[in-house]
Amino acid sequence: MEQIAVVKTVLNNGMAEIAVERETACGAAHSCSECAGCEKMMTRTQNVVTAYNDAQAGPGDLVKVRSENAAFFKTAAIVYLLPLALLLVFYCIAAAASLGGEGTQLLIGALGFVLGILLAVLWDRHMKKVNGLRFHIVEIKRACSGM
């Protein structure tokens, strides 16, 4: 996946701190920062991450950033799909075993959902600890450093 970012700081270890604008969550072709509806939903319009500075970009440069797709999609699946999958599995097991009434089965399904959320949070912490989502600055779109 490729995105455009701005280099905030260049670090000594060949890395750079970059700010990536959040994409629109509603799917509309507009800037969320200009939409009153989106503005109320968003608390942060930029994500600041560390990226490998392969293009030797400087502070203020507008750059193209590429992330490794496999790790990104794996994380997205765990975070978004695992809680829903566990909700359905726990509910279906409770229903098949005829555990209590409908309310009890829904409660067991909800416990599966909560377990999925906990696993997603643990996965997120693990990925941050091992630097699992790697970003690479691959191209300088507009050089602003040195101004």
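The model is predicted. The chain has 147 residues, of which 23% count as buried. Its secondary structure amounts to three helices and five strands. A search of the whole structure finds four salt bridges and one aromatic pair.

**Fold and surface**

- Read from the N terminus, the elements follow the order β-β-α-β-β-α-α-β.
- The chain exposes about 9,700 Å². Carbon and sulfur atoms supply 62% of that area.

- Glutamate 2 forms a salt bridge with lysine 64. The closest N and O atoms of this pair are 3.7 Å apart.
- Glutamate 2 sits in strand S1 (residues 2-10) and lysine 64 in strand S4 (residues 62-67), so this bridge ties together parts that are 62 residues apart in sequence.
- Arginine 66 also meets glutamate 2 in a salt bridge, with an N to O distance of 2.3 Å.
- That pair links distant parts of the chain as well: arginine 66 belongs to strand S4, glutamate 2 to strand S1, and 64 residues separate them.
- How accessible are the partners? Glutamate 2 has 40% relative accessibility and counts as partly exposed. Arginine 66 is partly exposed too, with a relative accessible area of 38%.
- Lysine 64 is buried, because its relative accessible area of 18% falls under the 20% cut-off.

**Salt bridge between residues 139 and 141**

- The side chains of lysine 141 and glutamate 139 meet in a salt bridge at 3.7 Å, N to O.
- Lysine 141 counts as partly exposed at 44% relative accessibility.
- Glutamate 139 counts as partly exposed at 33% relative accessibility.

**Salt-bridge network**

- Which residues are linked in a network of salt bridges? They are Glu2, Lys64, Arg66, Glu139 and Lys141.
- The network therefore includes glutamate 2 of strand S1 and lysine 64 of strand S4.

**Aromatic pair**

- The search of the whole structure gives one aromatic pair. Its rings belong to phenylalanine 72 and phenylalanine 73, with centres 5.3 Å apart.
- Is the pair stacked or edge-to-face? The ring planes stand at 75°. Planes over 60 degrees apart count as edge-to-face, so the pair is edge-to-face.
- Phenylalanine 72 is partly exposed, with a relative accessible area of 27%.
- Phenylalanine 73 is exposed, because its relative accessible area of 52% lies over the 50% cut-off.

**Leucine 87**

- Where does leucine 87 lie? This residue is part of helix H2 (residues 69-96).
- Leucine 87 counts as partly exposed, at 27% relative accessibility.
- Leucine 87 touches Gly109, Gly112 and Phe113, leaving aside residues up to four places away in sequence.
- Leucine 87 and leucine 106 are 19 residues apart in sequence. In space, their C-alpha atoms are 8.8 Å apart.

Conventions: Residues numbered from 1 in each chain as written. Predicted model: local features only at pLDDT ≥ 70, side-chain atom pairs only at ≥ 80, totals over all residues. Heavy atoms only, no water. Helix = DSSP H or I, 4+ residues; strand = E, 2+ residues; numbered from the N terminus. Buried < 20%, exposed > 50% of the residue type's maximum accessible area, 1.4 Å probe, protein only. Areas by Shrake-Rupley, 256 points an atom, 1.4 Å probe, with all protein chains shown as cover. Contact = heavy atoms within 4.5 Å. Phe/Tyr/Trp six-rings, centres within 6.5 Å; stacked < 30°, edge-to-face > 60°.
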